[in-house]
Amino acid sequence: MAQDAAGAVGARLSPQVDSLIRAAQRGDQDAFEQLVRTYDQSVLRLAMNLLRSPEDARDVYQEAFLRVYRNLHAFRFDCSFHTWLYRIVTNICLDQLRKRKVRKEESSVVETTDGSIDRMDAFEEEAAEADPERSLWNRQLKSRIEGALQDLTPRERMVFELRHYQGLRLRNIGEMLGTTEEAAKNCLFRATQKMRSVLGDFV
Amino acid sequence: MNCDSVSKLIPLYFYGELTPDEEDRVEDHLHACAECTAALSRQRAIAAALNEREEEVPVLLLEDCRMDLMAAIQGGAPRLEKTSKSPWKLFLEAMGSTFSSLNRLQRPVGAVALIALGFMASRFTAGTPSSANLVPNSSPSDDVIATVRSVRPDSSGRVQIAFDETRRRTVSGAMEDQNIQKLLLTAAHEENPAVRVESMGLLKERTGSAEVRDELLNAVVHDANVGVRLEALKGLKPLMADAAVRKSLYQVLKNDENPAVRMQVVDLLVSHRDDSMVSVLQDVVQKEDNNYIRLKLEKALKDMNASIGTF
């Protein structure tokens, strides 16, 4: 499980982060840039993992940090900067996920005679797998995983992403998403139930 | 606790989200129940499968995002230099012709290099008509790419075909292996930019050798592909005390057309300040047309108590 990163970094560097924020609030561009660099890798990773598209992830990055830039003066230190930033980022990502659900946008999964496969992984599969049976099994598993993730509601997907891949605690996740820890727990439970029902016979 | 209530808590137990009291009760139950223990194993297996799909962030994408953002903030423009292509785009284009996926490039290669290289040509020419040299009924195997050079039917109804074959060989070894390093240095000159990027990525971890240093410098100054130049630049970071390296970077700062490259060069130069840089920076700052880089240069000069203009 991926243990993150930004949460831990944010907590560990809190006094430094605070002074960067204060300097950036006074208009110090270098401080703002350093602040961005402290968190931007995990923001981009979150967006990439959720949206599976470098272009969309790039848009999320740009929009999120521009909002931070424009609204940093209003940050009052009443929660951690990490939580505040992730409120912005998760909102933008949730909007994207909802739009995708509505549009049923063409996903990266394509149908083939072997079932559906992920375009992003196709080359790697061909190159890495010499064993055709194993390769087929892997493709099917990946396809199931993608399908299971796409079946989650945007909110379930987000909670799962933040807990499983970003390693954040449900209490923080609730805070970021403007909900309770209990509601985040329920979301995680529903998400894992759905995964189990789709992937159960594969593992 | 019964199986029904434990099965609901298994995901939260797995993610460490239960209270200590709940955790104890789940563990007590698991010790006595094979079915729930199997459910926990399934949960672990699903999590392991999900870990496999995690996306890694391509370094160039991150750099590109940073540049876009800073450009938007400095100039109010949504994108840096709309007329020119970003490094990420250029990189994608360079890769596009070779790979159907970028995923492979996002993987850390680690200490083991797998390089497919090698050329073995065997040619059957009209000058060697002996049937011993011919391979009747043979067909190129799957890993052989053949180019047919000539086809000659003879009077007996047989056919003589001359073809070149390129055979792929895969070797693997640790980065310390001299042969692997030699192959990486060769790969740094391959036509395919993706191979060059990957070899730079590995070579940059071996900057102790003069040969590697020269190769990195050569790529930074001469490589036509932005991705390769950026990757090679990263390898120069520990070598900034070397005057020859700094001198080469002055040239890159003056001449490289790509702002991402120039920006990275400024960062490297600033990380190891010396007085000889002042005149170079003063010269460059006058000509630099990228707002963000110009601001960085001005700040560097200010930090060195130097004026922005030359007199």
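Predicted model: local features only at pLDDT ≥ 70, side-chain atom pairs only at ≥ 80, totals over all residues.
1. Asp30(A), Arg273(B), Lys299(B) and Asp303(B) are joined in a network of salt bridges, a salt bridge being a side-chain nitrogen of Lys or Arg within 4 Å of a carboxyl oxygen of Asp or Glu. Over all chains, the structure contains 32 salt bridges.

2. Residues are numbered from 1 along each chain as its sequence is written, and chains are lettered from A and ligands numbered from 1 in the order in which they are written.

3. In chain A, a salt bridge (3.4 Å, N to O) links the side chains of Glu33(A) and Arg37(A). The two residues are four apart in helix H3 (residues 29-51) of chain A, and therefore about one helical turn separates them; helices (H or I, at least four residues) and strands (E, at least two) are DSSP runs, numbered from the N terminus. Glu33(A) is buried, at 9% relative accessibility, whereas Arg37(A) is partly exposed, at 31%. Buried here means under 20% relative accessible area, exposed over 50%, and partly exposed in between (1.4 Å probe, protein chains only).

4. Glu33(A) and Arg37(A) also belong to the lining of the largest cavity, together with Val36(A), Arg66(B), Met67(B), Met70(B), Met263(B) and Tyr292(B). A cavity is defined on a 1 Å grid over the protein atoms alone, as a set of points where a 1.4 Å probe fits but cannot get out, and lining residues have an atom within 4 Å of a point. The structure holds one cavity of 30 Å³ or more, and the space in the largest cavity is about 50 Å³; grid points are joined across faces, edges and corners, and a volume is the space filled by probe spheres set on the points.

5. At least two residues of that lining come from each of H3 of chain A and helix H4 (59-75) of chain B. By class, the lining has five nonpolar, no polar and three charged residues. In this count, Ala, Val, Leu, Ile, Met, Phe, Trp, Tyr, Cys and Pro are nonpolar, Asp, Glu, Lys and Arg are charged, and the others, Gly among them, are polar.

6. Another salt bridge (3.1 Å, N to O) joins the side chains of Glu161(A) and Arg157(A). These residues lie four apart, about one turn, in helix H8 (residues 154-165) of chain A, and both are buried.

7. In chain B, the side chains of Glu288(B) and Arg262(B) form a salt bridge (2.7 Å, N to O). Glu288(B) sits in the loop between helix H12 (277-287) and helix H13 (291-303) of chain B and Arg262(B) in helix H11 (residues 259-271) of chain B, so the pair ties together parts 26 residues apart in sequence. Glu288(B) and Arg262(B) are both buried.

8. Glu63(A), in helix H4 (residues 54-71) of chain A, is partly exposed at 37% relative accessibility. Glu63(A) and Val89(A) are 26 residues apart in sequence, with 8.6 Å between them in space, C-alpha to C-alpha.

Definitions and conventions
Heavy atoms only, no water. 1 Å grid on protein atoms, 1.4 Å probe; cavity = no way out; pocket = protein on both sides within 12 Å on 5 of 7 lines; lining within 4 Å.
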